[in-house]
Amino acid sequence: MIEKGRISAFQMAIMMYPTILATAVITLPTITAKYAKQDMWLSPVWASFVGLFTVYITGRLDKLYPQETIIQYSGHILGRIPGKILGFIYLLFYLHNTGIIAREFGDFVFSTFLTLTPIIVIIGSMALVFAFAVRGGIEVLARSAQIFVPINTVLIIVIFILLIPDLKTKNILPVMEEGILPSIKGAIAPQGWFSEYFLISFLMPFLVDREKGIKWGMISVLAVTLTMILVNIMVLLLFGESTANLTYPVTAAARYISIAGFFEHLEVIVMAIWVTGTFVKMSVFYYALVLGTAQWLNLSDYRPIVLPLGFLVVLISTWSASNMAEMGHFLEKSDPFYLTTAQTVIPLLLLLIAVVRNKWVEKT
C-alpha cells in the first residue's frame, strides 16, 4: 500500500473539523447574511444535512470497497477506462480546489496584514510548509490537527466571551420574519463546504477502527455545524444587518474588542485561527491530490510527486482569479454547486450503480 501510516476515526474527525471551518469562519457570516439576514444562524443547520448525507454515502462506498479510494473503486464500478477518466477528473478537481484555498489564504493575509508582501510569496511559503507536512504522511497531518484544533476552538470561544458586553440580542429578532426560505437560501454556500466531507474517502482506508468511521464523521459534521452557528450568532448580534457589507466580519469583530483601553487589536487571534486552520485544510486537500495521483499512476510511493504538484497548486492559485471580487463572486455563486456535484451527487450515483450492479451479480 502507498500509505503505511494509520490513524483513528477520532483523528479523522479532528482533521475534517478545520478542513471545513478554515475558510467558513472568515466568509460564512457575510455570505449567509446576504440571503438569510437575521435568520443567518439557521443556515448552517440546513447545510449540515448535505454533510451528514455525504458522510453516509462515503461510508457505504468504503464498506463496499474497503482499503480503496474513489480513484481506485471508480474503476470497479464503471469499468477500467471510464473509471480512469473519472479519476482524472477528480484529480483536476482537487488540484483546482487546493489552488483556490491557497488563493483565499493569500488574499486574506495580503489584504488584512501583509499589504506590502507579494501575494505569490505568501502562497508559496504556505505551499512549501504543507508540502513538507504531506511528505510526512497521514499520521503527521492527524497529529498536527490534534494540536491546532483545540487551540483554535478555545480562541473562538475567547473572542465570543470578550464580545458579550457589546452583543445586542435585538439583532436576531424577529425570527423567521419572512418564513424559512431566506435561511435555506443562505444555506446554499455552506452546503457546498459540507460536501467536502467526501475527503474522508481518502482517509477511511487508513483507519485502525474503520467500523467507527461513519460515527465520527457524523460527530465532526455536528461539531462544525455548532461552530458555524456560534460564529454567525456572534457576528449577527454585534453588527446586525450591516454584516452583509463586511468582507471579513470575524476580523472586524475581533478589532471591535476593547477592554480598559489597552486590551484591544485582537485580530491577531483571527489570524492565528486562519493560518493554522488553513494549514490543516490545505494539507488534507493536498494529501488527497497527491495520494490520488499516485494511485491513478499506479506508483509505489507518493512522496516524489509532492513538490511538483505543490508547484502546480501555486500556479493554479495565481490563475484562479484576477482579484478578490472575482474570487468572491465565484465562491458565492458557482462554487457551492461545483463542490456538491463533485463530492455528493457523483458519489451518490456511483453508490447507486454499485448497489444495483452487486444485486445483479448476486441474481445471476
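User: What volume does the largest cavity have?
Analyst: About 110 Å³. Keep in mind that this is a predicted model.

User: Which residues line the largest cavity?
Analyst: Its lining is made of Tyr17, Pro18, Leu21, Ala22, Val25, Val149, Asn152, Thr153, Ile156, Ile273 and Gly277. The elements that give two or more of these residues are H1, H6 and H11. H1 has the largest share, with 5 residues.

User: And by class, what's in the lining of the largest cavity?
Analyst: There are 8 nonpolar and 3 polar residues, and no charged ones.

User: How many cavities of 30 Å³ or more does the structure hold?
Analyst: It holds 4 of them.

User: What lines the second largest cavity?
Analyst: Thr23, Asn97, Ile100, Ile101, Glu104, Trp193, Glu196, Lys281, Leu331, Asp335 and Leu339 do. H4 and H13 each supply at least two residues there, and H4 gives the most, with 4. This lining has 4 charged residues, along with 5 nonpolar and 2 polar ones.

User: OK, on to helices. How do H1 and H11 sit, at what angle do they cross?
Analyst: Their axes cross at roughly 130° and come within 8 Å. H1 and H11 are therefore oblique to each other. As for handedness, H1 passes H11 in a left-handed crossing.

User: Which residues meet where H1 touches H11?
Analyst: On the H1 side you have Met15, Pro18, Thr19, Ile20, Ala22, Thr23 and Ile26. On the H11 side they meet Val270, Trp274, Gly277, Thr278, Val280, Lys281, Val284 and Phe285. Sorted by class, that contact has 10 nonpolar, 4 polar and 1 charged.

User: What about H6 and H9, how far apart are their axes?
Analyst: The axes are 11 Å apart, and the two helices pack at an angle of about 25°. H6 covers residues 138-163 and H9 covers 213-239.

User: Why are H6 and H9 called roughly parallel?
Analyst: Because angles under 35 degrees count as roughly parallel, and the angle here is about 25°. The crossing of H6 past H9 is left-handed.

User: Who's in contact between H6 and H9?
Analyst: Ile156, Ile159, Phe160 and Leu163 come from H6, and they meet Thr227, Leu230, Val231, Met234 and Leu238 in H9. By class this contact has 8 nonpolar residues, 1 polar and no charged.

User: How does the lining of the largest pocket split by class?
Analyst: It has 8 nonpolar, 5 polar and 4 charged residues.

User: Last one: where is the second largest pocket, which residues are closest to its centre?
Analyst: Ala36, Lys37, Gln38, Asp39 and Glu241 are the closest, out of 16 lining residues. Its volume is about 260 Å³, and its lining has 7 nonpolar, 4 polar and 5 charged residues.

Note on methods
Residues numbered from 1 in each chain as written. Predicted model: local features only at pLDDT ≥ 70, side-chain atom pairs only at ≥ 80, totals over all residues. Heavy atoms only, no water. Axes fitted to C-alpha atoms, helices over the stretch in contact; angles between N-to-C directions. Left-handed = near helix turned anticlockwise from the far one by under 90°. Contact = heavy atoms within 4.5 Å. Nonpolar A, V, L, I, M, F, W, Y, C, P; charged D, E, K, R; others polar. 1 Å grid on protein atoms, 1.4 Å probe; cavity = no way out; pocket = protein on both sides within 12 Å on 5 of 7 lines; lining within 4 Å. Points joined across faces, edges and corners; volume = space filled by probe spheres on them. Parallel < 35°, antiparallel > 145°, perpendicular 65-115°, else oblique.
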